[in-house]
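Thanks, everyone. Let me put the model up and walk you through the contacts.

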Amino acid sequence: MRHGHGYRKLGRTSSHRKALLKNLALALIEHGKIETGVFKAKELQTYIERLVTTARVGDFNAHRLVYAYLQDKSATKKLVNEIAPKYKERKGGYTRVQRTRTRRGDASQMAFIEFVD
């Protein structure tokens, strides 16, 4: 058993995991706060914080790099022009994960993930 291999597989193939994280990131950028499973939220936290760190620069290359991950023009524009400039002086920790409830159907632990003000 390998411990601490770097990321959670979430029971999915690599392409499915990539699509899942992209869609969760798009939803978080669009709405500012979403509710999902705890482990998905923790994995999304590392994904979105890398994107915000890249987008903080705010130049053309930042747009290109963020768009390569998100592949959505409106979300890229919102992240680079509205969200990332708020964290210009912050060195990390742009999101917060708060556990909320246990889901009734499968007793899975749920959590909110949101951008820190």
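This is a predicted model. Start at the hairpin. Strand 2 and strand 3 form it, with 6 residues between them. In that turn, Ala107 has a positive phi of about 60°. Arg103 and Asp106 also meet in a salt bridge, with 3.0 Å between the closest N and O atoms. Arg103 is partly exposed, at 33% relative accessible area.

Now the strands themselves. Strand 2 covers residues 95-102, runs antiparallel to strand 3, and is joined to strand 3 by 6 bridges. Arg99 has Ala111 of strand 3 as its bridge partner. Strand 1, residues 33-37, is also antiparallel to strand 3, with 5 bridges. There, Gly37 stands opposite Met110.

Next, charges. The count is 5 salt bridges. Take Glu43 and Arg8: N to O is 3.2 Å. Glu43 sits in helix 2, and Arg8 in the segment before helix 1, 35 residues apart. Buried or exposed? Glu43 counts as buried, at 9% relative accessibility. Arg8 is partly exposed, at 32%.

Second case: Arg101 and Glu35. Their closest N and O atoms are 3.1 Å apart. Arg101 belongs to strand 2 and Glu35 to strand 1, so this pair ties together parts that are 66 residues apart in sequence. Both ends are partly exposed: Arg101 at 40% relative accessibility, Glu35 at 32% relative accessible area.

Salt bridges link Lys33, Arg96 and Glu114. Keep an eye on Lys33. Lys33 also lies over the face of Phe112, 4.4 Å from the ring centre.

That brings us to the rings. A pair is described by the distance of the centres and the angle of the planes. How many aromatic pairs does the structure hold? It holds 3. Tyr47 and Tyr69 have ring centres 6.1 Å apart and planes at 85°; over 60 counts as edge-to-face, so that is what this pair is. Tyr47 is in helix 2, residues 38-55, and Tyr69 is in helix 3, residues 60-70, so the pair ties together parts 22 residues apart in sequence. Tyr47 counts as buried, at 14% relative accessibility. Tyr87 and Tyr94 pair as well, tilted this time: 5.2 Å between centres, 50° between planes. Tyr87 and Tyr94 are both buried. With Phe115, Tyr87 and Tyr94 make up one aromatic cluster.

Last stop, helix 3. Which of its residues are buried? Ala62, Val66 and Leu70. Down the helix axis, those buried residues fall within an arc of 55°, so they line one face of helix 3. What does the buried side pack against? Helix 1 (14-31), helix 2 and helix 4 (73-83). On the face turned away from the buried side, helix 3 carries the exposed residues Phe60, Arg64 and Ala68. After helix 3 comes Gln71, with a positive phi near 55°.

To recap: strand 3 pairs with strand 1 and with strand 2. Helix 3 has its buried residues along one face.

Note on methods:
Residues numbered from 1 in each chain as written. Predicted model: local features only at pLDDT ≥ 70, side-chain atom pairs only at ≥ 80, totals over all residues. Heavy atoms only, no water. Phe/Tyr/Trp six-rings, centres within 6.5 Å; stacked < 30°, edge-to-face > 60°. Helix = DSSP H or I, 4+ residues; strand = E, 2+ residues; numbered from the N terminus. Buried < 20%, exposed > 50% of the residue type's maximum accessible area, 1.4 Å probe, protein only. Lys NZ or Arg CZ within 6 Å of the ring centre and 35° of its normal. Arc of directions from axis to C-beta. Contact = heavy atoms within 4.5 Å. Pairing = 2+ DSSP bridges. Salt bridge = Lys/Arg side-chain N within 4 Å of Asp/Glu carboxyl O.
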